[in-house]
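I'll note each thing I looked up as I go.

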Amino acid sequence: MSPNIRRFGAVSTLALATALSTPAAAQTAGEGVFTLLGRIILSAGRARVAIDTPQAVTALEQEDLDREQATTPGELLRAVPGVQAFGGEAMTGQFLNIRGVGTQSASDENRIVVTVDGVQKYFEQYRVGSHFGEPDLYRRVEVLRGPGASLLYGSGAIGGVVAFETREASDFLTGDDNTALRFRLSGQSNAGYSGSVILAHRFNERFEFLAAVTGRQEENYEAGGGVPVSGTNLSSQSALINATWRPFDESEQSFRFTLSRWTNSGVQVPYSAYGNFTVFGFVDRVVTDDTAQITWENPASDNPWIDARVQLSFSRSEVDQSNATGYPGWPFAPPYSIFQDSVYAYETLSLSARNTITMEGANWQNYLTFGAEAAQRERVQVSGASTLTSHPAGQSDTWGVFVQNEFVLNQDFTLLAALRHDHSRMVATAGVDPAFLNVPVTHSGTAASLSAQYRINEAWSVFGTLAETTRLPSLDEVFDSGTSGGVSSMGLRPEHARTVELGVAWQGRNLFAEGDGLDLKLTAFNNQFRDRIERVGIAGMPSFQNIGRARIRGIELEASYQSDLWFGRSAASWIEGIDQTTGDRLASTPAPELMLEIGRRLPQQNLEIGWRGTFAAPVTLAGGDRFPGYAVHDLFLTWRPQTGALRGIDVQFAVNNVFDLNYFNALDGSYATSLPRRGRDFRLTLGRTITF
């Protein structure tokens, strides 16, 4: 075992031992302390506190998102254990990985579900990332790790769910104020700036409205040591409209409408949006991402039979690329097919509905949630000379039904059972062998999970989950016939996974100061895959194949501390992924990682200051590439003056990568083609909200 791995384990063990070395806290547990693990989780069925949820879940609130001063949605997830954004720091090259699930070389359309206001988002195109968005438009992010917490979203969500929520008018309107204007300007030394304006208005007690516009401009950043990283420049604009209408004074019913657009443009950026691949040349690229939804909700708190939600949504992600160029003698210049001018898009129309029935007795409660959803997703070539066989056009029609029951006894024992069935029907409309055109391919799959949590006393609880999951093949996996000379995978079978999770949670109060709180949650998991779907890339063979068996297992530690003057959190993960057919390490396996954050409040100065350290162990890929370990240190400051001319100003300042380290993420691929991460970066954000 390497020294770095031993140090990683020693630090994790020390953090755990420190947290558990004060059993007396169980006797003095107080109320009113809100730590990271004490936040309410809304996306896993019934609303409940994170530490009391029998699964691995994390909620990031507005204060967390503001502190990050993020340039991409992936940066918002840096403090969530077992979750990483990879593919470099270019917005159009980002992918997500949860618990070792998520790669650049295989479709993860339903292994990881990403939603914005409940609308599922996904995009797949050669050497373009999967997820787009503007961080400044989000108010909250919830991350559900593993399939046990994800069955409300799809039977194949083996990695989990990342649920983004956009801003609402109520975030800015308080008291008797009916109008709010928020202005925000951010700058980075390495290297860019952004700005946004948000208008929120309450017309009456039943109708409120929000409109937001943002702009972001970034040049190529420098890695540690001043090394320039080309192709990471971007220019993006986004807009959001959000409205909430309550049609009746005497009813809790509401309609919520959101419409957002994010665009990103680059002139002569690298064709490969991730990695250092100059052989692919350069291209003009414009990405447009649209999301729209209308949701009806009726909590009906006085009626135990009704807690209903119905949503109609539309999503469209489009990539327009043109003017491909390369170095002199470039062997892949047009008319080589993938470099021809083209516009590809994904469009999804979806309808979902769910309801929760509440039953209770003297010492028990039962929450039965059931629902259904149907979606039509099209992959289309809007323009171009011909549809590529590596980007087949087609349509996928899916429907699913689900039921989840949560039983709580004496507030100490929780039993959560869920069952889901999904069906898909896919047809290819272009870019495939004529024999396969408009030939339907159908798949069905069932998933089930059983979770339990038992609270031993006020401090300790234990929990566990057993989940059996079926992931249906995606359109790209079935019909792709242009990758490395492969052919369509018409015989592809669904992918199966069995997941076991075991964990322990601990809550301490009044440990080091009156009214403080420390919460800790430790989870161990094992995912056993059968018929795992992987891209093969062998001429004459199906492009995607069921490779047999694979195993991903790991440990996650999440802790948070709050007191009047101090705050802190920790997130650690160790994950092992093995292809049990070949014995090789899975390319989707991240490095062991530990994040520690410590902050201090200075109430008289209205200041918060803090430090964060991110420590990753070295790893060696199956091909022999070795990625060194690293330790990245960040400093941050928040200042909200309450008096004088600066009253109402919100100042966020950070120094990321203080020691200007040059480092790489092992998920990015081979070491030679990986892009180094951003070097030292001073970030300053000034915000001001005016209400009247």
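First, a term I'll need: a polar contact is a pair of N or O atoms within 3.5 Å; within protein, one must be able to donate a hydrogen and the other to accept it, and residues adjacent in sequence count only if both atoms are side-chain atoms. My model is predicted, so I keep to its rules: local features need pLDDT of at least 70, side-chain atom pairs count only at pLDDT 80 or more, and totals for chains, interfaces and linings use all residues. Residues are numbered from 1 along each chain as its sequence is written, and side-chain values use heavy atoms, with hydrogens and water left out.

**Entry 1: Thr581.** I found Thr581 in the loop between strand E30 (566–579) and strand E31 (593–602); strands (E, at least two residues) are DSSP runs, numbered from the N terminus. Is Thr581 buried or exposed? Its relative accessible area is 52%, so Thr581 counts as exposed (buried is under 20%, exposed over 50%, partly exposed in between, with a 1.4 Å probe and protein chains only).

**Entry 2: its partners.** Beyond neighbours within four places in sequence, I see Thr581 in contact with Ile547, Gly548 and Arg549 (contact means heavy atoms within 4.5 Å). A polar atom of the Thr581 side chain sits 2.8 Å from the backbone oxygen of Ile547. Gly548 is 33 residues away along the chain, yet its C-alpha is 6.2 Å from that of Thr581.

**Entry 3: Phe314.** I looked up Phe314 next and found it in strand E18. With a relative accessible area of 33%, Phe314 is partly exposed.

How values were computed
Helix = DSSP H or I, 4+ residues; strand = E, 2+ residues; numbered from the N terminus.
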